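Colleague: Before I use these descriptions, I would like to hear the grounds for each term.

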Amino acid sequence: MKRDAAAVTAQLAALGARAQRRTRRSVEAYAAAGSILAPVIGGQRLVNFCSNDYLGLAGDPRLAEALRAALMHWGTGAGAAHLVTGHTAEHHALEEELADFTGREAALLFSTGYMANVGVIGALTARDEVILQDKLNHASLIDGARQSDARLLRYRHADAEDAARIAAEQSQRLSLIATDGVFSMDGDIAPLTELAAVARAHSAWLLVDDAHGFGVRGTGGRGSLEAAGLAAAQAPLLMGTLGKAAGTFGAFVAGDHEVIDLILQRARSYIYTTAMPPAIAAATRAALVIIREEGWRRERLVQLIARFREGAAARGLPLMPSTTPIQPVLVPGSARALAASEALRQRGFWVSAIRHPTVPAGTERLRVTLSAAHSDAQLQALLDAVPESIPPAAPGEPTV
Ligand SMILES: Cc1ncc(COP(=O)(O)O)c(C=O)c1O
């Protein structure tokens, strides 16, 4: 696009006409101290049903206290990249604890999950190689492949047979298969056992992005690979994010010593960026202790998920096949999904509308997410409000 003010205006107007222009809502305060589940917007107190704070740790005072203590010790910023002077004992201890937690030899911290995916894919693939990904993978995995020198091919969503078919055609060139562990917009689970077998059969890496499974799924919250019974030998590489269930910020990749060292040598989004603040690493260490020790948070989530699905089914709401805290309600049509989200806001709930191009056109949805910190009364009130908030489909518009 040329530097042309009229072209900029026209592009924004076109997005607006398709109900795809994104806007931000500024949170003025949290009604309960530190609770992202109780935001105040435009003077109105809402219940947040669309964060990724699955375990309710983002507002936990123990994390805040660990952060405060570390801030006094380490200061606010790391001041440099890990490979320069930014790697502190706090980062190092967190890496060791994450490796231990995930049953891998080593772990490497990244500043964000987006950067972890882009970095790992770039580090482990090369020109003339093929990367195979699920059609509905998170944008950061897709972007990692696009930015790499390798060629990206995609298999049908959660379809390991389709992955096996393409892998067989590309056996010589295939170097990496990547999948979300839990799909971020659908909440369903990847066929990890089958994908691990495909990857093994073609000597390819399997990279599992467990942004939404880490802390939530598997024994002790160890994630989707553990839940699938896959140990390091069957699925060596695991990526997790820390800004969701862990309630802080950042991400990591875990694997054996050598592959983690190779990623450290090669991942440009690791090498050429400032390390996360050490105090964030300290708060994450506190989160990891809670994730290990407070299994009741996961039990509470399981209970809330079952209640939400039962209540939604009783009200005839179109759910997706998800057993995780991500429970989308389909509202096809961008304008209709936006209107439903707005009507929910008026009733005191924050549930964002997910539109094309984040999801395929015609599958727009309200992305409801549940947190262990939600009360039964809040869940019940949401279930009552959702059916009243979805506008009827216009003639010719799909209803589901
Ligand atoms: C599946 C998945 N992977 C990666 C990311 C990126 O993580 P981060 O927010 O830490 O960049 C997200 C969401 O943010 C995600 O949903």
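Predicted model: local features only at pLDDT ≥ 70, side-chain atom pairs only at ≥ 80, totals over all residues.

Modeller: Residues are numbered from 1 along each chain as its sequence is written.

Colleague: Why are α7 and α8 called roughly parallel to each other?

Modeller: The axes, lines fitted to C-alpha atoms over the stretch in contact, with angles from 0 to 180 degrees between N-to-C directions, cross at roughly 5 degrees and come within 9 Å for helix α7 (residues 160-169) and helix α8 (residues 192-201). Angles under 35 degrees count as roughly parallel, so α7 and α8 are roughly parallel. Helices here are DSSP runs of H or I, at least four residues, and strands are runs of E, at least two, numbered from the N terminus.

Colleague: What makes the contact of α7 with α8?

Modeller: A160, A163, A164 and A167 of α7 and E194, L195 and V198 of α8 make the contact, which requires C-beta atoms, placed from the backbone, within 7 Å.

Colleague: Why is one side of β12 and of β14 left without a neighbour in the sheet?

Modeller: The open sheet has the order β12-β15-β14 with antiparallel pairing, and two strands pair if DSSP finds at least two bridges between them. Five bridges join β12 to β15 (residues 365-369). β12 (326-330) and β14 (353-354) stand at the edges with a single partner strand each, so one side of each has no neighbour in the sheet.

Colleague: Which residues are closest to the ligand?

Modeller: T112, G113, H138, S184 and A211 are the closest of the 14 residues around the ligand; a residue is near a molecule if its C-beta atom, placed from the backbone, lies within 6 Å of it.

Terms used:
Parallel < 35°, antiparallel > 145°, perpendicular 65-115°, else oblique. Contact = placed C-beta atoms within 7 Å.
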